[in-house]
Amino acid sequence: MKSTLTTILLIYIIFCLLLFVLQRKFIYFPQPSAAVRGITEISFTTDGVQLSGWVVNEGQPKALIYYGGNAERIENNIAFFEAVLSNYSVYLIPYRGYGRSTGTPSEAYLYHDALYIFDRVKVNHEQISLMGRSLGSGVATYVAVNRQVEKLLLVTPFDSIVNVAKNIYWMFPVSLLLQDKFQSINRAKNITAQTYIFIAENDRVIPRARSERLKAQFTEQLIDSVLVSGADHNDISLYPEYIAGVKRALQSY
């Protein structure tokens with residue numbers, strides 16, 4: 001009996017160690033860039049890392065910086081932003097390690113790069129808004145509390161990666177193991193930007209409870225919250241409710 005318990009404990013410890021060592025493999029899923037034609041390419045270099053992406057509708061007074069999901073090819077949003085937000089210059093810059101951007105992603109690096117890009121973009125625009133989807137919502141909330149932002153759009157957001165991981169790996173002490181925690185829940189009350197939240201009714205990646213808990217932390221800065229009926233995590237942008245909500249948020253003054 002004692003031998004069996006010892007074996008179970010050793011197996012448990014080994015799984016904990018593997019989860020700790022490989023954790024970023026479960027958070028970041030870098031995708032190569034798809035072919036893009038006819039769109040202005042842009043790049044930024046910081047700390048020897050090159051961040052390469054695109055700017056849609058170049059030359060508009062207002063700008064939107066978009067932060068994608070953990071396995072998203074953000075260039076797939078180009079047609080959407082061309083059609084829906086012609087009055088904004090939209091910056092789509094893959095995270096380090098994603099697309100043609102060099103380097104290796106981590107929470108600290110994503111925050112660092114996001115602030116760097118924001119400061120570089122700001123000099124060319126009157127106002128900047130942010131849009132973060134899934135993992136990108138964690139980056140967007142960080143920037144929103146550290147820079148002056150006009151509007152903040154959070155799509156399928158979470159309160160923290162820790163709480164999302166607890167739903168999946170409930171048997172492990174994820175709070176102690178995780179290095180990249182993306183604690184948006186701790187930042188919400190310090191965000192001053194007009195905020196809009198989009199939640200997928202049938203989200204199978206970010207449990208709706210995680211989005212709702214983040215939403216509950218906002219007060220008067222939350223302008224609108226849209227529950228997209230029938231939508232799942234990866235197809236929310238195809239729904240008319242979502243498209244109308246984004247237009248309503250970014251075309252209102």
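Visitor: Where does the numbering of residues start, and which atoms are used for side-chain values?

Guide: Residues are counted from 1 along each chain as its sequence is written, and this is a predicted model in which local features need pLDDT of at least 70, side-chain atom pairs count only at pLDDT 80 or more, and totals for chains, interfaces and linings use all residues.

Visitor: In what order do the eight strands form the open sheet?

Guide: Strands here are DSSP runs (E, at least two residues) and helices are DSSP runs too (H or I, at least four residues), numbered from the N terminus. Two strands pair if DSSP finds at least two bridges between them. The edge strands, each pairing on one side only, are strand 1 (40–46) and strand 8 (222–228). The pairing is mixed, and the order is 1-2-4-3-5-6-7-8.

Visitor: By how much are neighbouring strands of this sheet turned against each other on average?

Guide: Axes are lines fitted to C-alpha atoms, for helices over the stretch in contact, and angles run from 0 to 180 degrees between N-to-C directions. For neighbouring strands of this sheet the direction is ignored, and the average turn is 20°.

Visitor: Which residue in the turn between strand 1 and strand 2 has a positive phi?

Guide: Strand 1 and strand 2 pair in the antiparallel sense over seven bridges, and T46 has V49 of strand 2 as its bridge partner. The two strands form a hairpin with two residues between them. The residue in the turn with a positive phi, about 55°, is D47.

Visitor: Is W54 buried or exposed?

Guide: W54 lies in strand 2, where seven of the eight residues are buried, so strand 2 is largely enclosed by the rest of the structure. Buried means under 20% relative accessible area, exposed means over 50%, and partly exposed is in between (1.4 Å probe, protein chains only). With a relative accessibility of 1%, W54 counts as buried.

Visitor: Which residue of strand 4 stands opposite V56?

Guide: Strand 2 and strand 4 run antiparallel and are joined by three bridges. In strand 4, the residue opposite V56 is V90.

Visitor: Which residues point one way from strand 4, and which the other way?

Guide: In a regular strand, side chains alternate between the two faces of the sheet. Strand 4 is mostly covered, with five of its five residues buried. Y88, V90 and L92 point one way, and pointing the other way are S89 and Y91.

Visitor: What is the bridge partner of K62 in strand 4?

Guide: Strand 3 and strand 4 run parallel, with five bridges joining them. The partner of K62 in strand 4 is Y88.

Visitor: At what angle do the axes of helix 3 and helix 4 cross?

Guide: Helix 3 covers residues 107–122 and helix 4 covers residues 135–146, and their axes come within 10 Å. Angles under 35 degrees count as roughly parallel, over 145 as roughly antiparallel, 65 to 115 as roughly perpendicular and the rest as oblique. Helix 3 and helix 4 are therefore oblique to each other. Their crossing angle is roughly 55°.

Visitor: Which residues of helix 4 make the contact with helix 3?

Guide: Contact means heavy atoms within 4.5 Å. From helix 3 come L110, Y111, A114, L115 and F118. From helix 4 come L135, G138, V139, Y142, V143 and N146.

Visitor: How many of the 12 residues of helix 4 are buried?

Guide: The buried residues include L135, G136 and S137. Helix 4 is largely enclosed by the rest of the structure, because the number of its 12 residues that are buried is nine.

Visitor: Is N57 buried or partly exposed?

Guide: N57 lies in the loop between strand 2 and strand 3. N57 is not a glycine, yet its phi is positive, at about 55°. Its relative accessible area is 21%, which means that N57 is partly exposed.

Visitor: What is the relative accessible area of T156?

Guide: T156 is found in the loop between strand 6 and helix 5 (161–168). Its phi is positive, near 45°, in a residue other than glycine. T156 is buried, and its relative accessible area is 0%.

Key: Side-chain values use heavy atoms; hydrogens and water are left out.
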